Amino acid sequence: MTYQLPNRPRRLRSSNAIRALVEETRLTIDDFVLPVFVTEETKPSEISSMPGVFCWPVSGLGDQLRNWREMGIRAFALFPKIDPQKKDDQGSEILNRNALVYRASKSIKDLNLDILLIADLALDPYTNHGHDGVLNADGTVDNDRTVEILADTAVVCANAGFDWVAPSDMMDGRVGAIRKALDDSSFCDTGIISYSAKFASSYYGPFRSAINSSLDGKTLDKKTYQLCPSNFREAKRELVLDFEEGADVLMVKPAEPYLDVIRYASQNIDLPIAAYQVSGEYSRIMAADKLGWLNWENCALESLVGIKRAGADLIFSYFADRLAKRL
Ligand code: PBG
């Protein structure tokens with residue numbers, strides 16, 4: 001018995017060949033930025049809550065970068081894990097031209113690998129309280145003094161060879177101030193990826209323990225600057241402001257819980273939209289795999305294709321190198 005159906009959508013799913021022809025969203029290695037942790041320690045160490053992700057000493061970074069480049073990865077964002085003794089309440093190490101992350105960028109640039117090197121621009125790796133800004137006497141974050149430091153830091157980053165800076169602090173007015181500082185120092189070609197819609201997320205925990213920016217990696221409260229997870233309209237406002245202040249790429253972060261924001265940005269703002277699949281999004285998949293409950297590779301690909309389908313043009317992901325072979 002055969003129904004006379006006007007539509008049989010399953011025809012488009014009936015073989016590998018037809019499925020491949022009609023696949024609407026495809027991930028490629030060119031979509032990815034790999035976040036890279038650098039440490040002052042002398043040996044690479046695996047981050048316990050992020051199996052498969054390591055902190056790299058500057059001395060081993062060159063070989064590792066060459067490996068990644070051979071896998072096809074061409075964009076990297078550096079995150080420093082600072083010696084706790086170098087942290088203070090002002091995060092002053094961030095302006096030290098010989099600080100870890102600037103040494104790392106100089107050594108990478110010397111390799112001439114034809115890559116894009118991005119500096120994550122924020123104070124939290126450098127402050128002993130873990131906030132992304134300097135504090136007032138009452139413990140609140142001082143917006144304008146923080147912006148001034150970030151603008152100066154952007155110039156230090158550009159001098160150290162970074163191609164782009166990515167302010168991840170969520171202070172008001174920082175994109176405009178950073179653009180001006182870079183232009184005033186003739187770094188008009190240094191681009192800005194702005195963490196525009198960055199939510200106060202619980203998924204940052206593994207990252208914070210990785211760089212020791214929070215004692216237990218969880219309880220640091222950044223709600224006076226990062227967005228409330230329920231607020232879509234406020235996220236739109238932040239995206240528009242960074243567009244107007246001169247950002248080159250806008251980012252939504254985390255990624256998977258905020259696909260609506262990614263979709264909105266990609267359909268309404270004529271700039272490339274980045275999404276950051278953050279540490280906790282990585283760790284939850286790896287943890288379930290460890291327990292035998294999920295297959296990490298398939299779940300990671302599904303999560304990432306969803307992020308791209310929502311409208312992300314580029315994706316920061318800790319899976320980038322581990323999935324390179326499947327892309
Ligand atoms: C802070 C910063 C954070 C991340 C990137 N930059 C954490 C935070 O805001 O506390 C998180 C990245 C991740 O979780 O993978 N400037």
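Between which helix and which strand is the loop that holds Asp114 found? Asp114 is in the loop between α3 and β5; helices (H or I, at least four residues) and strands (E, at least two) are DSSP runs, numbered from the N terminus. The model is predicted: local features need pLDDT of at least 70, side-chain atom pairs count only at pLDDT 80 or more, and totals for chains, interfaces and linings use all residues. Residues are numbered from 1 along each chain as its sequence is written, and side-chain values use heavy atoms, with hydrogens and water left out.

**View 1. The loop between α3 and β5 holds Asn112 and Asp114.** Helix α3 covers 100-109 and strand β5 covers 116-121. Asn112 has a positive phi, near 50 degrees, and is not a glycine. Asp114, also not a glycine, has a positive phi of about 60 degrees. Asn112 has a relative accessible area of 69% and is exposed, and Asp114 is exposed at 61%. Here exposed means over 50% relative accessible area, buried under 20%, and partly exposed in between (1.4 Å probe, protein chains only).

**View 2. Helix α7 spans residues 232-245.** Its 14 residues should span 20 Å at 1.5 Å a residue, and the end C-alpha atoms are 20 Å apart, which agrees; the expected span is 1.5 Å times one less than the number of residues. The buried residues of α7 are Ala235, Glu238, Leu239 and Asp242. Seen down the helix axis, these fall within an arc of 100 degrees, so they line one face of α7; the arc is that of the directions from the axis to the C-beta atoms. An α-helix has 3.6 residues a turn, so residues three or four places apart point the same way. Exposed residues Arg233, Arg237 and Glu244 are carried on the face turned away from the buried side of α7. Cover for the buried residues of α7 includes α5 (174-184), β7 (191-198), β8 (249-253) and α8 (259-268), where contact means heavy atoms within 4.5 Å. Gly246 follows α7 and has a positive phi, near 105 degrees.

**View 3. Helix α8 has the buried residues Val261, Ile262 and Ala265.** They cover an arc of only 100 degrees around the axis, which puts them on the same side of α8. These buried residues pack against β7, α7, β8, β9 (273-277) and α10 (296-310). Pro254 has its place in the loop between β8 and α8. A cis peptide bond joins Lys253 to Pro254, with omega about -10 degrees.

**View 4. The ligand is surrounded by 18 residues.** The closest are Arg208, Lys222, Lys253, Ser279 and Tyr318, with a residue counted as near if one of its heavy atoms lies within 4 Å. A polar side-chain atom of Tyr318 lies 2.6 Å from a ligand oxygen atom. For Lys198, a polar side-chain atom is 2.8 Å from an oxygen atom of the ligand. An N or O atom in the side chain of Lys253 is 3.4 Å from a nitrogen atom of the ligand.

**View 5. Asp31 lies in the loop between α1 (16-21) and β1 (32-39).** Asp31 is buried, with a relative accessible area of 10%. Neighbours within four places in sequence left aside, Asp31 is in contact with Arg26, Lys308, Asp313, Leu314 and Ile315.

**View 6. Cys157 is in no disulfide.** A disulfide is a pair of cysteine sulfur atoms within 2.5 Å, and by this rule the count is 0. The cysteine sulfur nearest to Cys157, that of Cys188, is 17 Å away. Cys157 is buried at 2% relative accessible area, whereas Cys228 is partly exposed at 34%.

Methods: Polar contact = N/O pair within 3.5 Å; in protein donor to acceptor, adjacent residues only side chain to side chain.
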